[in-house]
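Hi,

Here is the structure I promised to pass on. My notes on its cores and pockets follow below.

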Amino acid sequence: RMKNYTRFVIASNNNWVVPAGVDERRFCVIDVSDDKAQNHTYFAPVFEQMENGGTEAFLRFLYDYDLTNINLRQAPKTKALLDQKLTSLKPAEAFWFEILKEGQFDFFEWDDNQQELPWDRAEQFITTQGLHNCYLSFCRDHKLHPDKSDAVMKDLFGIKGICPGSIPYRPSAKGRKRGYRIPPLDQCRL
């Protein structure tokens with residue numbers, strides 16, 4: 001065994017570069033402006049300075065830089081990192097993110113004891129089958145490969161899932177459908 005001291009710098013023009021998870025802590029992702037792309041007049045003095053002591057001066061600057069107030073174990077949370085997180089979402093996570101972003105879910109069903117209030121004001125009920133069908137439709141529309149197992153909905157809406165306030169509903173009466181009671185929209189977004 002050896003300690004791993006490798007550090008990588010990746011430059012890419014692709015939309016998806018790193019597998020950034022929801023709680024990402026390893027990557028520092030920076031979106032570089034393309035305002036000066038192919039501007040040889042701009043870059044000529046930069047290259048000239050680099051060849052005439054600029055590289056050494058930059059190294060000295062970095063070496064002398066005061067890092068005492070910077071937590072080097074915490075990568076900056078940038079918009080570019082957020083974009084990588086969104087691009088790296090699993091299909092079920094992308095499905096739920098889209099619902100929360102739009103603030104609409106057309107597959108809620110009402111039971112006899114529930115008032116018809118909008119999602120931003122009241123919890124809602126969706127059948128397990130309706131939720132799964134909506135998820136499969138989303139995957140088809142976005143050309144994603146869905147996980148077709150029932151476990152994906154349990155992972156998504158279970159106690160430790162990304163909608164932890166949801167409550168699995170298993171009816172005791174015959175003819176009633178299984179599903180989830182989903183908290184109001186603001187609570188889900190939080």
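The largest nonpolar core has 20 residues, and Phe95, Trp96, Phe105, Trp119, Ile182 and Cys188 touch the most other members. By nonpolar core I mean a set of buried Ala, Val, Leu, Ile, Met, Phe, Trp, Tyr and Cys residues joined through side-chain atoms within 4.5 Å, with buried meaning under 20% relative accessible area (1.4 Å probe, protein chains only). Helix H3 gives the most to this core, six residues. Another core lies apart from it, with five residues, including Val18, Val29, Ala80 and Leu81.

This is a predicted model, where local features need pLDDT of at least 70, side-chain atom pairs count only at pLDDT 80 or more, and totals for chains, interfaces and linings use all residues. Residues are numbered from 1 along each chain as its sequence is written, and side-chain values use heavy atoms, leaving out hydrogens and water.

Now the pockets (on a 1 Å grid over the protein atoms alone, open sets of points where a 1.4 Å probe fits, with protein on both sides within 12 Å along at least five of seven lines; lining residues have an atom within 4 Å of a point). The largest pocket holds about 1400 Å³ of space. It is lined by 29 residues, and Val9, Ile10, Cys28, Val29 and Ile30 are the closest to its centre.

The second largest pocket holds about 420 Å³. Among its 18 lining residues, Val22, Phe97, Leu100, Ile162 and Arg189 are the closest to the centre. H3 supplies the largest share of this lining, four residues.

Enjoy exploring!

Notes: Points joined across faces, edges and corners; volume = space filled by probe spheres on them. Helix = DSSP H or I, 4+ residues; strand = E, 2+ residues; numbered from the N terminus. Buried < 20%, exposed > 50% of the residue type's maximum accessible area, 1.4 Å probe, protein only.
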